[in-house]
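Please walk through this structure with me, one packing arrangement at a time. Keep the 3D view open as you read.

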Amino acid sequence: MNGISIIICTYNGKQKLEETLLAILKLKATFSWELLIVDNASTDDTAAFSFSLLRDSTIDFSILHEAEPGLIKARLCGLRASKYNVLLYCDDDNTLDKYYLQIGYDLMKSNPIIGALGGCGTPVFEDEKPDWFDTYGHSFAVGSQAITDGLIPEYPAELYGAGTFFRKEVLLQYLNNGFKSALSGRTRNNLVSGEDVEWCYLIQLAGYQIWYDHRLVFLHHMPQQRMRWEYYLRLKKGISSGVCNLLPYSCLFRNRKMSAVLYFKTWFTKMIFAFLIYFKLRILAFVKVNSNNTEQELAITIWREKLFSYWRNSFQSYKHFIQLKNYF
């Protein structure tokens with residue numbers, strides 16, 4: 001293991017990158033590392049601002065440009081340009097603890113079975129914390145990701161992408177053979193999510209483990225415009241919209257030799273179940289059985305999007321299932 005490549009993917013991040021980059025300049029490390037900033041079709045001089053802040057520093061940094069919008073495009077751009085064998089994806093609104101890099105390096109080096117390693121995001125609010133945040137805040141990539149340090153016992157395990165280390169060679173064994181991600185990631189104002197979960201699934205299918213360590217602490221800044229209930233509903237809609245695209249993974253975790261017939265049977269069952277739940281929620285909303293309008297609105301949003309996902313993405317999901325089967 002020869003070092004770590006920190007990758008920051010950003011779209012119009014000029015207004016929030018300063019704290020992130022200043023924290024990276026303070027990182028303590030006893031090994032080689034680099035910083036790659038991927039400007040994902042920004043229109044606000046993100047690249048020029050980043051260069052002006054870093055040009056007098058002594059760190060090894062590069063600013064890359066990915067013209068095609070989409071978080072997965074930016075992440076792959078950084079991955080392919082990286083020169084070290086462990087990647088750390090840091091969001092453009094994250095402030096890493098100064099020992100973050102060293103702790104991650106030591107864990108990955110001493111445990112070659114780790115394919116992905118996550119930390120704990122601490123929310124920092126621009127304005128007052130919303131009443132609902134403590135209940136639903138995990139969707140904003142904050143909070144503990146496991147009860148104890150080490151291997152996450154759930155299988156398959158998941159990590160949020162912010163502040164996560166990935167072992168590059170595990171991902172490259174797929175990408176170099178023409179593998180295409182099932183999810184695009186966020187694209188400007190489109191909040192489709194799940195590509196970080198997909199990478200965790202790929203890593204576990206390859207036989208590696210997902211770990212968590214509470215010492216990996218970072219601040220995750222929560223701007224006021226994201227702390228509105230309407231934004232949270234959009235976020236959950238984006239997360240739920242990828243459920244059908246991730247179905248091939250859950251099927252293969254259950255049965256590596258699953259047939260196409262059994263796959264379609266599973267897909268059909270999932271879609272009918274989503275329809276029944278959504279239909280029930282709409283009926284309850286119509287007769288006003290549930291007095292908690294917030295919970296009801298959230299549930300309707302999630303299950304409606306899951307239903308639409310199973311319907312819209314059925315063929316794409318099946319193609320991805322066949323693609324994955326070729327690897328196992």
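Helices α8 and α11 cross in the right-handed sense. In this predicted model, α8 covers residues 229-240, and its axis comes within 8 Å of that of α11. The crossing angle is roughly 30 degrees. Angles under 35 degrees count as roughly parallel, so α8 is roughly parallel to α11. From α8, the contact takes in Trp 229, Tyr 232, Leu 233, Lys 236, Lys 237 and Ser 240. From α11 come Thr 294, Glu 297, Leu 298, Thr 301, Ile 302, Glu 305, Lys 306 and Ser 309.

The crossing of α10 past α11 is left-handed. Which residues of α10 meet α11? They are Trp 267, Lys 270, Met 271, Phe 273, Ala 274, Phe 275, Ile 277, Tyr 278, Leu 281, Arg 282, Leu 284 and Ala 285. On the α11 side stand Gln 296, Ala 299, Ile 300, Trp 303, Arg 304, Leu 307, Tyr 310 and Trp 311. Of the residues in the contact of α10 with α11, 16 are nonpolar, 1 is polar and 3 are charged.

Next, look at helices α3 and α7. Helix α3 runs over residues 71-81 and α7 over residues 195-205. Their axes come within 10 Å and cross at roughly 50 degrees. That angle makes α3 oblique to α7. Leu 71, Ile 72, Arg 75, Leu 76 and Leu 79 of α3 make the contact with Glu 195, Asp 196 and Trp 199 of α7. These residues divide into 5 nonpolar, no polar and 3 charged.

Now turn to the strands. Strand β9, residues 209-222, pairs with β5, residues 94-96. These two run antiparallel, joined by 3 bridges. Thr 95 stands opposite Leu 219 in β9. Strand β6, residues 114-125, pairs with β9 in the parallel sense. That pairing extends over 10 bridges. Ala 116 faces Ile 210 of β9 as its opposite residue. Strand β7, residues 150-151, is joined to β9 by 2 bridges and runs antiparallel to it. Leu 151 stands opposite Trp 211 in β9.

Two loops deserve a stop. In the loop between β7 and β8 (164-167) lies Pro 156. The peptide bond from Tyr 155 to Pro 156 is cis, with omega near 0 degrees. The other loop connects β2 (33-40) and α2 (46-54), and Ala 41 lies in it. Ala 41 is not a glycine, yet its phi is positive, at about 60 degrees.

Finally, step back to the whole chain. The protein chain has 12 helices and 9 strands. Its radius of gyration is 20 Å, close to the 20 Å that the globule rule gives for 328 residues, so the chain is as compact as a globular protein of that length. Taken along the principal axes, the C-alpha atoms fill a box of roughly 65 × 50 × 40 Å.

Conventions
Residues numbered from 1 in each chain as written. Predicted model: local features only at pLDDT ≥ 70, side-chain atom pairs only at ≥ 80, totals over all residues. Heavy atoms only, no water. Left-handed = near helix turned anticlockwise from the far one by under 90°. Helix = DSSP H or I, 4+ residues; strand = E, 2+ residues; numbered from the N terminus. Contact = heavy atoms within 4.5 Å. Nonpolar A, V, L, I, M, F, W, Y, C, P; charged D, E, K, R; others polar. Pairing = 2+ DSSP bridges. Rg over C-alpha atoms; globule rule 2.2 N^0.38 Å. Axes fitted to C-alpha atoms, helices over the stretch in contact; angles between N-to-C directions. Parallel < 35°, antiparallel > 145°, perpendicular 65-115°, else oblique.
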